[in-house]
Amino acid sequence: MKNWFASDLNFNSHYPKPIQDAAEKHWTRIEVAKKAAAFLATSPEVKVLDIGSGAGKFCLVAAHEYPLTNFYGVEQRQSLVDISDDLARELELNNVSFICDNICNIDFRKFDNFYFYNSFYENVPGTQKIDYSIRYSEDLYNFYNRYLYKQLDKKQAGTRLVTYHSFGSEIPRGYEVVKTDYNDFLKFWIKV
């Protein structure tokens, strides 16, 4: 199992070819996942949600690094959830779960901290798509960002959030950046 986490190339090689091809643009790099997880896994009972988990890479790496913390990924494509579930079983990770649903159906009150790798961005015209199994539109991009903003706004003080390649429009006032990395593409937020 250790070889899986030796490099992104090793990890991504366990995905089917079309998922490997999307890895560079759509899946979190191992080092980014480790840094984000270190910030989000504040205690064993914390529940961390990956918003738009894709092929599950962030959750899988995070669950491996922090076996006492529970990580959840929500993804609307059943095929990606199936792949994520298969890899979690293969890696024998019991602290990770994947939910096949639209983010608008998720109860944010059930989770403590959040990871967001700008999963709505593929709705913007001219961007690389993971696949064409779902509908894309700029209206959806704006809708999902507003929805996420409202859900994060309801969270209590102390909530932690990590964003990667985000424009920040989905982050409500009250969240402060406490650290950045990777030329400010990776941001660590706490709600005050």
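Thr28 has a relative accessibility of 5% and therefore counts as buried, a word used here for under 20% relative accessible area, with exposed meaning over 50% and partly exposed lying in between (1.4 Å probe, protein chains only). This is a predicted model, in which local features need pLDDT of at least 70 and side-chain atom pairs count only at pLDDT 80 or more, whereas totals for chains, interfaces and linings use all residues. Residues are numbered from 1 along each chain as its sequence is written, and side-chain values use heavy atoms, with hydrogens and water left out.

Thr28 is found in the loop between α2 and α3, where helices (H or I, at least four residues) and strands (E, at least two) are DSSP runs numbered from the N terminus. Its side chain makes a polar contact with the side chain of Tyr115 at 2.8 Å; such a contact is a pair of N or O atoms within 3.5 Å, and within protein one must be able to donate a hydrogen and the other to accept it, while residues adjacent in sequence count only if both atoms are side-chain atoms. Leaving aside neighbours within four places in sequence, Thr28 is in contact (heavy atoms within 4.5 Å) with Asp8, Ala33, Lys57, Phe58, Tyr115 and Tyr117.

Asp50 belongs to strand β1 and is itself buried, with a relative accessible area of 3%.

In soluble globular proteins, nonpolar side chains tend to be buried together.

Which residues lie closest to the centre of the largest pocket? That pocket has a volume of about 920 Å³, and of its 45 lining residues the closest to the centre are Lys25, His26, Trp27, Tyr117 and Asn118. On a 1 Å grid over the protein atoms alone, a pocket is an open set of points with protein on both sides within 12 Å along at least five of seven lines, and lining residues have an atom within 4 Å of a point. The largest share of this lining, 4 residues, comes from α2. The second largest pocket has a volume of about 190 Å³ and is lined by 13 residues, with Phe111, Asp112, Lys155, Gln156 and Thr159 nearest its centre.

Finally, Asn102 is found in the loop between β3 (96–100) and β4 (113–116). Its side chain reaches the backbone nitrogen of Cys104 at 2.8 Å and makes a polar contact with the side chain of Tyr144 at 2.9 Å.

Notes. 1 Å grid on protein atoms, 1.4 Å probe; cavity = no way out; pocket = protein on both sides within 12 Å on 5 of 7 lines; lining within 4 Å. Points joined across faces, edges and corners; volume = space filled by probe spheres on them.
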